[in-house]
Amino acid sequence: MMATAERTTDIGPPHYEKFLPPIIKKNYGKWAYHEILKPGVMVHVSESRDKVYTVRASTPRLVAIATIRSFADLADKYCGGHLRFTSRNNVEFLLTDESKIEPLKKELQTLGYPVGGMGNSISAIVHTQGWVHCHSAATDASGVVKSIMDELFPHFVEQKLPGKLRVAFACCLNMCGAVHCSDIAVLGVHTRAPKVNHEELPRVCEVPTTVASCPTGAIRPTTVGGKQSVEVIEEQCMYCGNCYTVCPSMQINNAKTDGISIWVGGKVSNARHEPMFSKLAVPYLPNNPPRWPEVVKAVANIVDVYAKNARKYERMGEWIERIGWPRFFKLAGIPFTKYHIDDFTHAGETYKRSAQIKH
Amino acid sequence: MSEKKVSTPLLDELEKGRWPSFVKEIKKESQRPAIKDLLGVLERSYTEHIGHWKHGGIVGVLGYGGGVIGRYSDLQEEFPAVASFHTMRINQPAGWFYTSDVLRKLCDIWDKRGSGLFNFHGSTGDIIFLGTTTDQLEPTFADLAAAGFDLGGSGSDMRTPSCCVGPARCEWACYDTLNACYDITQSFQDELHRPAFPYKYKFKFAGCPNDCVASVARADCSVIGTWKDDIQIDQAAVQAYSKDGVDIQKHVCDLCPTDCMSWDGSKLKIENSECVKCMHCINVMTKALKPGKERGATILIGSKAPIIGGALLSSVFVPFIEMQAPYSDLKELTEAIWDLWGEHGKNRERVGEFIQRIGLGNFLEQIGLEPIPEMITHPRSNPYIFFEEELGGDKGGAE
């Protein structure tokens, strides 16, 4: 054991300045404008007319040491040993020599990391861990994302959409990927109440904490075989899985009934319309690994309908707001069900309370 | 150890196609026993349609309560090399900038200590070291400290703050997001490493209202850059956009949410007092328009994902704040919020939910902020007002 006194703690992250390329340091806070030159490539021009070229490539988020080392090698070869990552898990190389853009693009593409994801395109899908590493996942994350992006690939390497289209994926309602404000959100859902393991629960969980974890008050203390445990009022459960995170004896995962839902029309940017939540388009599709064809088809359909019908610069949610939800469901050919109607805390605010209806 | 052969017909399917394959990434490290077993567990999930990871078991490094997520396989006998396979969150440098040297250093540490798999980055912004055993946590931590890195947050603590690229490479940055992110992270190291809150508390620093880090949806404290004065216009550049085929009336003026712009074919006029700083016109004509010079940020509080009481967007607390180091105003506000929520928040209640429970009006009063109309979309429409004594009764009525 190392002596406690020798331990270095609470140093925080290294200072970012250590890692900034010289061109960035020199022009920090002095950028004048930028332009997207072609898909995945942009130039920022500073007040002193210095230029930095950004080449953006996708990664699968889950990356091997070997891959990070190959990115480091590319950074050495093309941009003085500097690179950065984006909030959507893309890698960006910052070049000062315009003539190196194409050779770098080629190397990235050869390695399997396509260049794109800028402007009116579909950038990489932000996502969660899924079956690779999570306890409460209702589905895999990486596999669904890979399957969807294989299909939407042309939209990553081109910029032909009316506006930006941000897709996000979360494998359960915890939403580590915070998908709730995305143009298209793909969300793993549990659809059955948790199964209580009465044998194990008294040993590993606190009953009051487990009871308090339920947002709808569906969990009650009970006694089973003389031991303290809990019971679930199944009609009151909406499968959020919060109890399972608090108490592992409340198994929520279910191979037969877990699945995937699709939500549309959210955004976080303030451009034109204020930020919006995504709203339910498809309540449930089955878990169908390894390619999730039903989910891929549904997402691609929504992208196509949007691409065909939205006006220039309109985001998904702005477009739907203009045409109205009845028309969205009609154009997308998605059946509207009772599950689309909210029944949680502020449900009443979502009922249509006017006679303004298109016929 | 005998040579283990893993058959992964379902996962192999995901090596095909044009999008980068996570299966290929995992297989790049498949000389490691843990990766062979990870592939085995994952293939099983693909076959059975269910996950095979358990949570629980408190693991971590000495003196810290956060930064490590304990993870165990529920198929321990079949896949012993991932019986424990913990995640470590490493606090990223602000803006996610790296040198090749420092990346290689991180690779060397993880080569020796863990699975060889990363997330660059996790959802909150940390570098994720994906999978190691309990006995490797402390040595990994020591190696990281020697390389100048520290752990990020997890559990009921301040989570690792993150920021957009900011003034490092963006002309729209209305304050220094990297500096603010670094300063707040360093100022609250104890809150980051030792969970003492009712639940998590996230900071995200976005340089402008485009909000590239989704702070309004994903941070308990969303700091969104903005400006107070006039949008900077280069009229010659506007005309150049028009000549290049941009329909300025249709694609700029008509899409302005407050209808505060006009275009007569040669000059773009903006009624700046009506502008809500949405960024649309600036986004369209990057060479012609820029945010004003009197720059700062709007502070919004309380966003979160659905668990537990439903998803929330952050709401306005401070319409405009100058974001200058050492960020004393932001820190003061933060400490006032933490004091109140820390004392009265319920277990696993995010600050946004707490505010809804006690009411924004009461919350503001407790932390000493004046209520102002910028904080709401409209005043209440219901008449169920809880009047306090000083309004009606003894002190009320005519003088």
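Setting aside neighbours within four places in sequence, Phe93(A) contacts Tyr53(A), Thr54(A), Val55(A), Phe71(A), Leu74(A), Ala75(A), Cys79(A), Leu83(A), Leu104(A) and Leu108(A). Contact means heavy atoms within 4.5 Å. The model is predicted: local features need pLDDT of at least 70, side-chain atom pairs count only at pLDDT 80 or more, and totals for chains, interfaces and linings use all residues. Residues are numbered from 1 along each chain as its sequence is written, chains are lettered from A and ligands numbered from 1 in the order in which they are written, and side-chain values use heavy atoms, with hydrogens and water left out.

Phe93(A) and Phe205(B) touch the most other members of the largest nonpolar core, which has 131 residues. Helix α2 (residues 65-79) of chain A supplies the largest share of this core, seven residues. A second, separate core has 70 residues, including Val132(A), Val144(A), Leu38(B) and Phe79(B). A nonpolar core is a set of buried Ala, Val, Leu, Ile, Met, Phe, Trp, Tyr and Cys residues joined through side-chain atoms within 4.5 Å. Buried means under 20% relative accessible area, exposed over 50%, and partly exposed in between (1.4 Å probe, protein chains only). In soluble globular proteins, nonpolar side chains tend to be buried together.

## Strand β2 of chain A

Strand β2(A) spans residues 41-46, and six of its six residues are buried. Helices (H or I, at least four residues) and strands (E, at least two) are DSSP runs, numbered from the N terminus. In a regular strand the side chains alternate between the two faces of the sheet. Here both faces are covered. Val41(A), Val43(A) and Val45(A) are buried on one side; Met42(A), His44(A) and Ser46(A) are buried on the other.

β2(A) pairs with β1(A) (residues 31-38) in the antiparallel sense over six bridges. Two strands pair if DSSP finds at least two bridges between them. Val45(A) is the bridge partner of Tyr33(A). The two strands form a hairpin with two residues between them, and Gly40(A) in the turn has a positive phi of about 80°. On to β3(A) (residues 51-57): five bridges join this strand to β2(A), again antiparallel. Val45(A) stands opposite Lys51(A). β2(A) and β3(A) also form a hairpin, with four residues between them; Arg49(A) in the turn has a positive phi of about 75°.

## A four-strand sheet in chain A

An open sheet of chain A has four strands in the order β7-β8-β13-β14, with mixed pairing. β7 (167-170) and β14 (279-286) stand at the edges with a single partner strand each, so one side of each lacks a neighbour in the sheet. Neighbouring strands are turned by 20° against each other on average, direction ignored. β13(A) (residues 259-264) and β14(A) pair antiparallel over five bridges. Val264(A) has Lys279(A) as its bridge partner.

## Thr87(B) and its surroundings

Thr87(B) lies in strand β4 (residues 87-90) of chain B. Thr87(B) counts as buried because its relative accessibility is 6%. Its side chain makes a polar contact of 2.9 Å with that of His133(A). A polar contact is a pair of N or O atoms within 3.5 Å; within protein, one must be able to donate a hydrogen and the other to accept it, and residues adjacent in sequence count only if both atoms are side-chain atoms.

## Chain B overall

Chain B has 14 helices and 16 strands. Of its 399 residues, 59% count as buried.

Definitions and conventions
Axes fitted to C-alpha atoms, helices over the stretch in contact; angles between N-to-C directions.
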